[in-house]
Amino acid sequence: EDFLNLIFKAMMKDSLNSSHPVSSAVQSSEQIEEMFDALSYIKGASLLLMLKHYLTKDVFQAGIEVYLHNHNYGSAQSDDLWDSMNEITNGTLDVKKLMKTWILHKGFPLVTVVRKGKIISVQQEKFLYHVETENWTSDASYLWHIPLTYITSSCNFTHCTNAYLLDQKSGM
């Protein structure tokens, strides 16, 4: 419950145009300090939970083990974690490509789901809680790779989960 409260606080900050990406190039020590704030940590943890749920616990765990084995007693970059996950998925999913859309963009998407009979369509757009005109920049090009999971009447959440990767502005 506490973590959920932190996530909602972080999302509120991240929904402002003055937000920042989880990962970005830095030029000074001051920029490094600014980068490691509550937003980065909570959003980062949430993104790892999202990835774990999408890949499944066992695949995610195997990717973490490969990452730790490959980089023990050494340094690493964020791409190294995604590369380790790609190693485990054997090319069935480009985890690096998926996660870069989340860590290099500030903010998060609003996903709209519309059902017309048996047809379901989904659409994404950047969510902004409050536009600060002095900091406003157009983010129309933002595109997230959003792992969506769903259940149907023939299966429940604990026994089978279907997955769909929304990697376009809209899909069916």
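Predicted model: local features only at pLDDT ≥ 70, side-chain atom pairs only at ≥ 80, totals over all residues.
Local features require pLDDT of at least 70 and side-chain atom pairs count only at pLDDT 80 or more, whereas totals for chains, interfaces and linings use all residues. Residues are numbered from 1 along each chain as its sequence is written, and side-chain values use heavy atoms, with hydrogens and water left out.

**Overall fold**
- The protein chain contains six helices and five strands (DSSP runs numbered from the N terminus: H or I of at least four residues for helices, E of at least two for strands).
- From the N terminus on, the order of elements is α-α-α-α-α-α-β-β-β-β-β.
- Of the 172 residues in the protein chain, 30% are buried (under 20% relative accessible area; exposed is over 50%, partly exposed in between; 1.4 Å probe, protein chains only).

**Helix pair α3 and α6**
- The axes of helix α3 (residues 38–55) and helix α6 (residues 95–103) come within 11 Å and cross at roughly 150° (lines fitted to C-alpha atoms over the stretch in contact, with angles from 0 to 180 degrees between N-to-C directions).
- The two helices, α3 and α6, are therefore roughly antiparallel to each other (angles over 145 degrees).

**Residue M85**
- M85 lies in helix α5 (residues 78–89) and counts as buried because its relative accessibility is 0%.
- M85 and F60 are 25 residues apart in sequence, and their C-alpha atoms are 7.1 Å apart in space.

**Residue F3**
- F3 is located in helix α1 (residues 2–14).
- F3 counts as partly exposed because its relative accessibility is 31%.

Key:
Parallel < 35°, antiparallel > 145°, perpendicular 65-115°, else oblique.
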